Amino acid sequence: MCDSERHESDAYGIQIYSTPNVDAVLQRADIQRGYTIVIWRGRHVNEPFELSESEASEYWRDVLKVAKALMAHYRPLKMNYETLGNSLPHLHTHLVPRYIEDPAPGRPFPLLPQDGSEPTIADAHLQSDAEALRRIITDRF
């Protein structure tokens, strides 16, 4: 993840927020409305505790900024924050909005590794959501 190119759009999603050390990517896979991954783009670390105090402040501030925008736009009941790294050992956090029509009420969201065969969100709809989220982040947070 830290070595991959930083595109505004790729096969996985559309970038909705970026700083020198953080990217937030709204996912194309139709897994959950608003599913976004926030990726640490600074020096390579696997664990949040490997960040310096200032890096950690920056990372979590940006994760929360993106989460607030997702809450404002999608209006879910709850936001889940999953900082796993089991299949990809690099610091990143999955932001998973939870809705009333939830596939696993009261339990963690059933996220599975993506293999590229997942249905995707229509490009026009995803682009519209990305633009709205960028505006919210810029104007409010």
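Strands, like helices, are taken here as DSSP runs and are numbered from the N terminus, a strand having at least two residues. The structure described is a predicted model. Under this definition, residues 92–98 form strand E5, and Leu 95 is found in that strand.

In overall terms, the secondary structure of the chain comprises two helices and five strands. Their order along the sequence follows the pattern β-β-β-α-β-β-α. The radius of gyration is 14 Å, close to the 14 Å given by the globule rule for 141 residues, so the chain is as compact as a globular protein of that length. Along the principal axes, the C-alpha atoms fill a box of roughly 40 × 35 × 30 Å. Of the contacts in the chain with a separation of 6 or more, 53% are accounted for by residues 24 or more positions apart.

In soluble globular proteins, nonpolar side chains tend to be buried together. In the present model, the largest nonpolar core contains 29 residues, of which Val 38, Tyr 59, Val 66 and Leu 95 touch the most other members. Two or more residues of this core are given by each of strand E1 (13–18), strand E2 (22–27), strand E3 (36–40), helix H1 (53–74) and helix H2 (123–140). Helix H1 gives the most, with nine residues. Apart from this core lies another, of six residues, including Val 25, Ile 37, Val 96 and Phe 109.

When neighbours within four places in sequence are left aside, the contacts of Leu 95 are Gly 34, Tyr 35, Thr 36, Val 38, Val 63, Val 66, Ala 67, Leu 70, Met 79, Asn 80 and Tyr 81. Gly 34 stands 61 residues from Leu 95 along the chain, yet the C-alpha atoms of the two are separated by 8.1 Å. For Val 38, with neighbours within four places again left aside, the contacts include Val 22, Asp 23 and Ala 24, together with Tyr 59, Val 63 and Val 66. His 92, Thr 93 and Leu 95 are also in contact with Val 38.

Methods
Residues numbered from 1 in each chain as written. Predicted model: local features only at pLDDT ≥ 70, side-chain atom pairs only at ≥ 80, totals over all residues. Heavy atoms only, no water. Core = buried A, V, L, I, M, F, W, Y, C linked by side-chain atoms within 4.5 Å. Buried < 20%, exposed > 50% of the residue type's maximum accessible area, 1.4 Å probe, protein only. Helix = DSSP H or I, 4+ residues; strand = E, 2+ residues; numbered from the N terminus. Contact = heavy atoms within 4.5 Å. Rg over C-alpha atoms; globule rule 2.2 N^0.38 Å.
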